[in-house]
Amino acid sequence: MKRVHVAAAVIRGADGKILIARRADTQHQGGLWEFPGGKVEADEAVEKALARELQEELGIVLGAARPLIKVQHDYPDKQVLLDVWEVSAFTGEPHGAEGQPLAWVTARELGGYEFPAANRPIVAAARLPGEYLITPEGLETPALLRGIQKAIAGGIKLIQLRAPNGYDPKYRDLAVDAAGLCAGKAQLMLKGPFEWLGDFPSAGWHVTAAQLRKYASAGRPVPASRWLAASCHNAEELALAEEMGVDFVSLSPVQPTQTHPDAQPLGWDQASRLISGFNRPVFLLGGVGPAERQRAWENGAQGVAGIRAFWPEA
């Protein structure tokens, strides 16, 4: 069965809302919502196909766009490759040129709409930012909380509270304070034993590679409404993350780092290859910062994650 190559767009309006369209009942996966786009013709460049489809479907002219995520999905009757781009600029007023209903929704509201199964990773990618801050170790609590507050004020939307020295009661107290600071402003990701999951309902969970090995076969430890991420370093761990049903991963180390000088870096080419076989958003970590975000996007990643590069007190 030949894989159908589809160009799709996550279109953001000036207010940050995202445009989605409802599939006609007669179509494959009819009645569900989708991100606008359509088939890439033979020998057609993806960006060109995207511009053509958006003109035909919505009556808009494509301005600025960048790669967001690629998803390969096998339905019982069809195999698709969704080549998804984030559109940040266009001209014209979008309307359902083919009679399809449209809706502008916030990133948070996307979860309330029903999409085809292949679109789930795209919904995650559309909701996630391009930067993932991991808190540094060795800081006193007041300095750590001050840094988190400053990072949020500076626009950071996704924060992992790192737990380098095992799971102690101090981390739990810190997590309570961090959750308070992030409420309504940024998504907090915690680490720790799954027994703690019920104590922090608003937080996402970032599982370690060791937890992946131990628990992946049991499936997802949290409901779909909560973010679940994992730390991965190779193809085997990415496969386990997929088995566990995580929403996104960090993949490291891309380049040599001060924190882990002995770890063998993947390099950009290997990171890019690993991403291309993985159907979920990937944050590249290790020797990267805001300056590498564009390069990460070009290599298929959601964005970059880091400690020093993003910490405001540095």
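A salt bridge is a side-chain nitrogen of Lys or Arg within 4 Å of a carboxyl oxygen of Asp or Glu. The model is predicted, so that local features need pLDDT of at least 70 and side-chain atom pairs count only at pLDDT 80 or more, while totals for chains, interfaces and linings use all residues. Residues are numbered from 1 along each chain as its sequence is written, and side-chain values use heavy atoms, with hydrogens and water left out.

**View 1. The interface of domain 1 and domain 2.** The protein chain is divided into domain 1 (3-123) and domain 2 (131-310), with bounds that come from an automatic or database domain assignment. Between these two domains the count of salt bridges is 0, and together they bury about 710 Å², of which 48% is on carbon and sulfur atoms; buried area here is the accessible area (1.4 Å probe) that two parts lose on being put together, summed over both.

**View 2. Strand β6 on the side of domain 1 that touches domain 2.** Strand β6 (residues 65-75) gives the largest share of this side, 7 residues, where strands (E, at least two residues) are DSSP runs numbered from the N terminus, as are helices (H or I, at least four).

**View 3. The loop that holds D43.** D43, in the loop between β4 (37-39) and α1 (46-58), has a positive phi of about 60 degrees although it is not a glycine. D43 is exposed, with a relative accessible area of 84%, where exposed means over 50% (1.4 Å probe, protein chains only).

**View 4. The cis peptide bond from S252 to P253.** This bond has omega near -10 degrees, and P253 is found in the loop between β15 (248-251) and α7 (267-276).

Definitions and conventions:
Buried < 20%, exposed > 50% of the residue type's maximum accessible area, 1.4 Å probe, protein only.
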